Amino acid sequence: MVLIEGIVINKIQGFYNIKTEDNKEFLCKLRGLLKRKDKKENCTVGDHVVFDADGFITEVKERKNLLLRPLVANIDHIVIQFAAKDPLIDYERLNILLLNSFYYKIPPIIVVNKIDLLTEDEKEEIIKNLDFLKNIDIPYFMISTETGEGIEEIKNYIKDSITAFSGPSGVGKSSILNLLQSERVLATGETSKRLRAGKHTTRDSNLLPMKAGGYVIDTPGFSSVELPDIKTPAELMGLFPEFDLGIGCKFSNCIHINEPGCVVKEAVENNQISQKRYDFYKRCYDKLKNERWNRI
Ligand SMILES: Nc1nc2c(ncn2[C@@H]2O[C@H](COP(=O)(O)OP(=O)(O)OP(=O)(O)O)[C@@H](O)[C@H]2O)c(=O)[nH]1
Ligand SMILES: [Zn+2]
């Protein structure tokens, strides 16, 4: 029997809308064998699947990652978006969202929108504050959906891939998604708030094709300020790429807080690791220790 491959771009009442490489769409059902108990996660938006001529999905390929709210698989990048002003950048939240993206194994991209509202000095200050991103190889884009500045650069960066958009309310996510996608138009401002109140909004669960190729998806659930389910200090340290300096601390189980011979603390003193990132690490450590680890 002929088997075809494609990506699930949305789910409609038990049917999966699958787009093939030659841009055709097929509505398919999941073959009984693939249905397991944890129903919703059997097959979801973003999954690479194989289906037959009868319209049954026969295979769900292994995923490289899975975001839970909304359920989306195989995301190539997650945009963590802020506004330069209205509302101001919340750097603590930025760090928490970075931590979450490493936890879910989705490469992050930082976007600062509304730069049309800034003076040159204010812009410089933001660039200085984001300097630590270079250290951990995370790209950032300063953009304005109003003037179009920086939009082409983002388009080029994310074309042909699946990119999720997250960030606090009001930073211009709908505005940028409108610029990037080829079909549907999302509401901005007030209207989007009304939509959000509705139970199932299309923007929550569809891969939206981009003009340049690839997809974008709004993932409002990713904007939470909660720390992910980090179980041990070692797991937490693993979510700080800059701590991986290629040389070990004096103690192999060093948690980089009070130990002598700690190469991470040394790197902070030499400005090789950002003091603010290190302070953020310590806050995470204390919080997890007090609120979670000590309770087990
Ligand atoms: N000055 C300026 N305003 C912008 C820009 N982008 C968006 N806005 C405005 O910011 C407000 C929020 O934009 P939205 O696109 O609705 O933001 P959102 O992140 O989708 O907001 P939620 O729907 O609350 O999540 C609107 O009034 C936009 O007109 C920009 O580049 N510059
Ligand atoms: Zn150490």
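**Zinc site**

In this predicted model, the zinc ion (ligand 2) is held by Cys249 (SG), Cys254 (SG), His256 (ND1) and Cys262 (SG). Along the chain, the donors follow the spacing C-x4-C-x1-H-x5-C. The angles between the four donor atoms span 104 to 114°, so the arrangement is tetrahedral. That label requires all angles to lie between 85 and 135 degrees. For reference, the ideal angle for four tetrahedral donors is 109.5 degrees.

Histidine 256 has 8% relative accessibility and counts as buried. Cysteine 262, at 3%, also counts as buried. The cut-off for buried is under 20% relative accessible area.

**Domains**

The domain assignment divides the protein chain into domain 1 (3-62), domain 2 (72-222) and domain 3 (233-292). Taken over C-alpha atoms, the centres of domain 1 and domain 3 are separated by 43 Å.

**Aromatic pairs**

The structure holds 11 aromatic pairs. One of them joins phenylalanine 26 and phenylalanine 51: the ring centres are 5.1 Å apart and the planes meet at 50°, so this pair is tilted. Phenylalanine 26 belongs to strand 3 (residues 25-30) and phenylalanine 51 to strand 4 (residues 48-52), so the pair ties together parts that are 25 residues apart in sequence. Phenylalanine 26 is partly exposed, with a relative accessible area of 28%. Phenylalanine 51 counts as buried at 1%.

Ring pairs also build a cluster. Its members are Phe240, Phe243, Tyr278, Phe280, Tyr281, Tyr285 and Trp293.

| Residue | Relative accessibility | Class |
|---|---|---|
| Histidine 256 | 8% | buried |
| Cysteine 262 | 3% | buried |
| Phenylalanine 26 | 28% | partly exposed |
| Phenylalanine 51 | 1% | buried |

**Helix 4**

Helix 4 covers residues 151-158. Its buried residues are Ile151, Ile154 and Ile158. They span an arc of only 65° around the axis, which puts them on the same side of helix 4. What do these buried residues pack against? Their partners are strand 8 (77-83), strand 9 (108-113), strand 10 (140-142), strand 11 (162-166), helix 5 (173-180) and strand 13 (215-218). Just after helix 4 comes aspartate 160, which takes a positive phi of about 65°.

Methods. Residues are numbered from 1 along each chain as its sequence is written. Chains are lettered from A and ligands numbered from 1 in the order in which they are written. This is a predicted model: local features need pLDDT of at least 70, side-chain atom pairs count only at pLDDT 80 or more; totals for chains, interfaces and linings use all residues. Side-chain values use heavy atoms; hydrogens and water are left out. Buried means under 20% relative accessible area, exposed over 50%, partly exposed in between (1.4 Å probe, protein chains only). Helices (H or I, at least four residues) and strands (E, at least two) are DSSP runs, numbered from the N terminus. The arc is that of the directions from the helix axis to the C-beta atoms. Contact means heavy atoms within 4.5 Å. Donors are N, O and S atoms within 2.8 Å of the metal (3.2 Å for Na, K and Ca); water is not among the atoms, so sites may look incomplete. Four donors count as tetrahedral if all angles lie between 85 and 135 degrees; four count as square planar and six as octahedral if opposite donors are over 155 degrees apart and all others between 65 and 115; anything else is irregular. Domain bounds come from an automatic or database domain assignment. Rings of Phe, Tyr and Trp (its six-membered ring) pair if their centres lie within 6.5 Å; planes under 30 degrees apart count as stacked, over 60 as edge-to-face and the rest as tilted.
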